[in-house]
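Biologist: I would like to learn how to read a model like this one, feature by feature. Could you show me the structure and then start with burial?

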Amino acid sequence: MNEFAASLAARAFRLGRRVFSRPRIDLPLAVGLLILALMGLTVLYSASNLDTGTLAGQATRFVIGAVLMIAISRIPPNLLRAWTPWFYAIGVLLLVVVKVLGEGQGANRWLDIGLIRFQPSELMKLAMPMMIAWYLHPRPLPPRWRDLFITLVLIAIPAFLIFKQPDLGTALLVAASGLFVLFLAGLQWWKIGAATVAAAAAGPIALHFMHGYQRQRIVTFLHPESDPLGSGWHILQSMIAVGSGGILGKGFNQGTQSKLEFLPEHTTDFIFAVLGEEFGLVGVLALLAVYAFIVGRCLWIAANARDTWSRLVAGAFALAFMVYVIVNGGMISGLLPVVGVPLPLVSYGGTSAITLLAGFGVVMSIHAHRKWTP
Amino acid sequence: MNGRGELKDERERRARFGRRALAGFAIMLALVMVVAGRFVYLQVYEHAEYSTRAKANRVRLTHLAPPRGLIYDREGKLLADNVPAFRLDVVPDQVKHMDAMLERLSAVVPLTDDDIRRFKQSLKQHRSFEAVPLKFHLTESERDRFAIDQWQFPGVSISPYLTRNYPYGPAFAHVIGYVGRIDDKELQHLDPDKYAGSTHIGKTGIEKEYEDLLHGTPGYEVVEVNANQRPLRVLQQVAAKPGRNLYLTIDERLQQATIDAFAGQTGAAVAIDPRNGNVLAMVTVPSFDPNLFVNGISRADYSALLDDEEKPLLNRAMRGGYPPGSTVKPFLGLGGLELGLRTATDTVLSTGTWYIPGSSRGYRDDTRYGAGNVNLVQAITQSVNTYFYSLAYKMGIGKFDQWMAKFGFGRPTGIDLPDETGGVLPSPEWKRKTFRQPWYPGETVIAGIGQGYWMVTPLQMAHALATLAGGGLSHTPHLLAATSDGLGKPEIPSRQPAPVQITHDPADLAVVRQGMLGVVYNPAGTAYAAGIGKGFPYLIAGKTGTAERYSRTTEAYNTNKNLAYLAARHRAWFICYAPADHPQIAIAVALEHGAWGGSAAAPIARKMLDQWLADTPPSERPPIPVTAVASPPATSSPTTP
C-alpha cells in the first residue's frame, strides 16, 4: 500500500518536473495567455452581473483547456501532423452530423454528446490550418495551380458546411485560417491581389444567396441609424457603451449599458463593449496589446520551427487568432457588420476557449520540439 | 532530391516564411491600429456625445400629477373630494397589434367607441413608451376580470389614480360644476409643463373658474429604467404640489333646505348676504349628478339629460332668464324717490286701467276696478300696476334704464362662475340692435311692471335685492371665501371689487322697506295669504312677482280662472330679505310653473329663512374659516348680527 502510494507520488513528481522543470511549455506565451484569461474572467464576472456560476463555468473551461494545452504540447509535431487528416475528416463529419441532427436556436451549430455540448465549427478553426499545412508541406512552394485548386476545395468544404448552418462569420473565419496557410506558404502577391478583387466582385452575388437575417445584418451595418430600435439597436447600443466609457471607463461593475440590458449578448459576442464601457480606452488598449503580444510570440515560434508544416500551422493559427480579435473589435465599435464572432478567450463559451487553448498547445508543441528533426 | 538540395530548399522556405510572417504580422498590427483608432475616436472624441446618450438611455422623467385642491362649504363640509380609483393604462410600444388587442380586451373590460376614440387621440400626444389611459374608473368586477386575463395583454395594466368625487351629487352640480377629461381643444391652450401627467380639468362651475388654484403644480420623478423600459429605481423625486383647497361662502345646509323646499318643482333660488355679497345658496332644480361627467358620461346618460323636458343641465340660477314681473316695483319705486319724481306721500289713482295721456290703449291693474288712491308703500304692498305705469312713463326709458342698471340688471353680476348671462334690461338701444325696430312709449310703461322684453336671472335678482337690502351698497356676488394649502393659514382672495353705493337717502330705502313689509304682514299684501311671516322671529321684507308673456291688448288678459293654463305660462317670483331692520340674507326664488308668486314661491323663501335664521340662530353658526372676504366698508362677518 505504502509502496503504491509512494510510486504514485513519485510519478506525480516526475510529471510535474517534466511539465515545469523542463520548459516544454513556452513561458512568455503561457504568461500572455494567463494575463488574457484573468482579464477575460474579470470582465465576464462584471458582464454576468457578478454571477459566480458563470465565472466558475468559464474558469473550469480554462482549466480543462490548459490541461489539454499542456498535454498536446507534449506530443511531437510529427505525430500531430500524422493525425491531421483524421482530425480534419472528423471535423467535416461532425459538421455534416450537426447539419443533419444538430440543435440550436434557428441555426444548427451545436452538437450535444452527453456531457458536453460543442460547436464543430470551432474545431474547424484549428483543423483547417493543420489540414492545409499538411497538404502543402511535402509539395513545392509556392503552391502550383493544381495544389492551389485542391487546397481551395479543402477550404471550401467545411466553410460551405458552416455557412449553411448558417453561420457566415465563422465560415469566413474558418476559410481565412486556411487561406492564411496559403499566404504564409508564399502564394504570389499577384494571385492574392487577383483573388481579393474577385472576392469583392463576388460580394453582391453572395448577398443573393444569404439568409434573410444575414443580409439584414449587412444592410444594418451600412445604415445603423436607419433602424435604431431594430437590428441597428445592437450596433448603436454597443457604440454607446464603448463611447460612454471614455478614457478610464466607468469602473468595474459600473457599466449602465450592460447592467441595464441595453447591450445585447453582453457575456458573449459583445463582451468587448463591456470592457470598453467599464475600463475605458486604457482597458481596450491593454487588451489589444496582450493579444498582439500573444500573436507576435506565436509568429516568432513559427519562424523558428524546424519544418514547413509546423511553421505554417503556428503562423496561420496566430494570424487567424488576431483576425478574431480584429473582427470582434470592429463589430462592437461599429466598423464591421454584426457577425457572431466571439472575442477569443474573453467571451463566455466553452468550445471556443477549449479549442483555442488546444491550438496554443499545438504551437507549444512546435516550440518544445523545435530542435527535433524529422 | 539530394540532401543538399533539400537543405537549400528548406532554407529558402524558411526565409520566405519569415518574410511572409513579418508581412502578415504587419498587416495584423495595422488592422489592430485601425480598431484601436476607432476606439480612440469613440472613447475620446465622441465620449461626451455617447455619455449623454447612455444617460438618456437609462433615465426617464415621469410626471406626477398634483392632487386637485378640495372644495369646502362655509362650514368646512367637503363638496368636492378626491377618491382613489383604478384605470386601465396601455403602453403603446409594448402592444404589437393595437386594434386586435383592443378588440380582445373589450371582451374582458367593456370599451365604448368613445373610450377607443379618446384613447387613439391621446396616443398621438404621448411618446410610445408612455402609459396612455384607456378607461377610467374601473368597476370592481372589471378590475377582477382583467386581473385574471392580464397575462394575455402585455403592455396593459391597471393603475391607481385619484378621481374627483362630489359627495352631494346634484345639490351643487350647478355651483361646483365638474371636472372631465382634457379634450383636444383644451390641450392646445394648456401649459404642457403644468398639465404633464394630468388627465382632468375643470369643465364648469367653480372647478373651471378656479382651475388655476385647484390644479396645483406637477412633480416629477427621475427614474432609472432598463432596456425594456422597466423602472428600476428612483434617482430623484420632486413631489407634486397639491392644488389649493377652496372654502366657499355657500352653506350646504341652506342649499339642501332650499332644494327640499322646491319639492321637485322646476326653478331656481339664490341667497346672498347683503352685507358682503357672499352667496349663501344657489339652487337650480332639477339638477344632475356631476359624478357622471368626471370619467366620461355614457351616451345613454347624456342623451337622457339632454332629452329631459325640464332641462336639468340648464343652470337656471345664473343662465335662466325670466321676466321679473312685479319684483321690479320696489326698485322702480325707490328710483322715483331718489330721482325726485315722486315723494313717499304722492298718490296715484288706480281705476283698473291706465292710459298713456292722449292714447286710448289701456294697461290693466290686477284688480278689476283698481285699488283707488295709493302711495308708494301701498303700491308695493298691493302691487298696484297703475302706480308704476305712470312712474315709468314719467321717468322715461332713458332714466329708467340708467337707474335699473345700477342694480345690475341687463349685465352679468360678475359672480366668480363662468358663463353667466346678463339677462335683458329693455332699452331703445337694445331693441334697435336686436330687432332693428324703434321703441314705443307703451314698452316703457310695461317695463315698469317688469314685463315686455325684460329678462332677469335669479342671481341678478338676488344681487339687486341684496343691494336694496344692504342700504344701497352693491357688492359683487361671489362664492370664494378663502383658499388654503391645507397646512398654513387660509388666505383671503383679493379679487373682490370694492362695493359701490348707489343710493343717496336712507329714508327712501325705509319707505320701500315699509312697502315690502306690507307685502308680507299687511292683509292687503300680495304674500299675506301665504302666511310666510307667521311664527318667524324676524321681520321679513318681500315682494311677489308673476310674470307672463304679457299681451298689451286688454282682451287677451286673463284673470286667474284657469290655474293650469296660467301655471304653464307664468313665472312666479318671490324676493325677500330678513331681518328687515338689519338684513343678513336676501333671497330670490323663481318658479317656472308657479301660478302666483305669493302662493307658490313665497313658502320656499320662508323655508330658506327658517334654515338660515330661525333653525340655527346666526349667533350659533360656526364662523366661516376666514374673517372677511370683501374689501371695506362691508367687512363684518356673517356671524355678527
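Modeller: Gladly. A residue is buried if 20 or more other C-beta atoms lie within 10 Å of its own, exposed if 12 or fewer, and partly exposed in between, with C-beta atoms placed from the backbone. Pro286(B) is buried, because 20 other C-beta atoms lie within 10 Å. Before we go on, this is a predicted model, where local features need pLDDT of at least 70, side-chain atom pairs count only at pLDDT 80 or more, and totals for chains, interfaces and linings use all residues. Residues are numbered from 1 along each chain as its sequence is written, while chains are lettered from A and ligands numbered from 1 in the order in which they are written.

Biologist: Where does Pro286(B) lie, and with which residues is it in contact, leaving aside its neighbours within four places in sequence?

Modeller: Helices (H or I, at least four residues) and strands (E, at least two) are DSSP runs, numbered from the N terminus. Pro286(B) lies in the loop between strand E12 (279–285) and helix H11 (291–294) of chain B. Two residues are in contact if their C-beta atoms, placed from the backbone, lie within 7 Å. With neighbours within four places left aside, Pro286(B) is in contact with Thr266(B), Glu310(B) and Pro312(B). From Pro286(B) to Phe262(B) there are 24 residues in sequence and 9.4 Å in space, C-alpha to C-alpha.

Biologist: Next, how do I read strand pairing?

Modeller: Two strands pair if DSSP finds at least two bridges between them. In chain B, an open sheet of 3 strands runs in the order E1-E8-E9, with antiparallel pairing. Its edge strands, E1 (59–64) and E9 (231–238), each pair on one side only. E1(B) and E8(B) (residues 219–225) are joined by 6 bridges in the antiparallel sense, and His63(B) stands opposite Tyr220(B) in E8(B).

Biologist: What should I look for in the backbone angles?

Modeller: Most residues other than glycine have a negative phi, and most peptide bonds are trans. Leu345(A) has a positive phi, near 65°, and sits in the loop between H13 and helix H14 (350–368) of chain A. Arg436(B) also has a positive phi, near 55°, in the loop between helix H17 (428–435) and helix H18 (441–447) of chain B.

Biologist: Are Leu345(A) and Arg436(B) buried or exposed?

Modeller: Leu345(A) is buried, because it has 27 other C-beta atoms within 10 Å. Arg436(B) is exposed, because it has 7.
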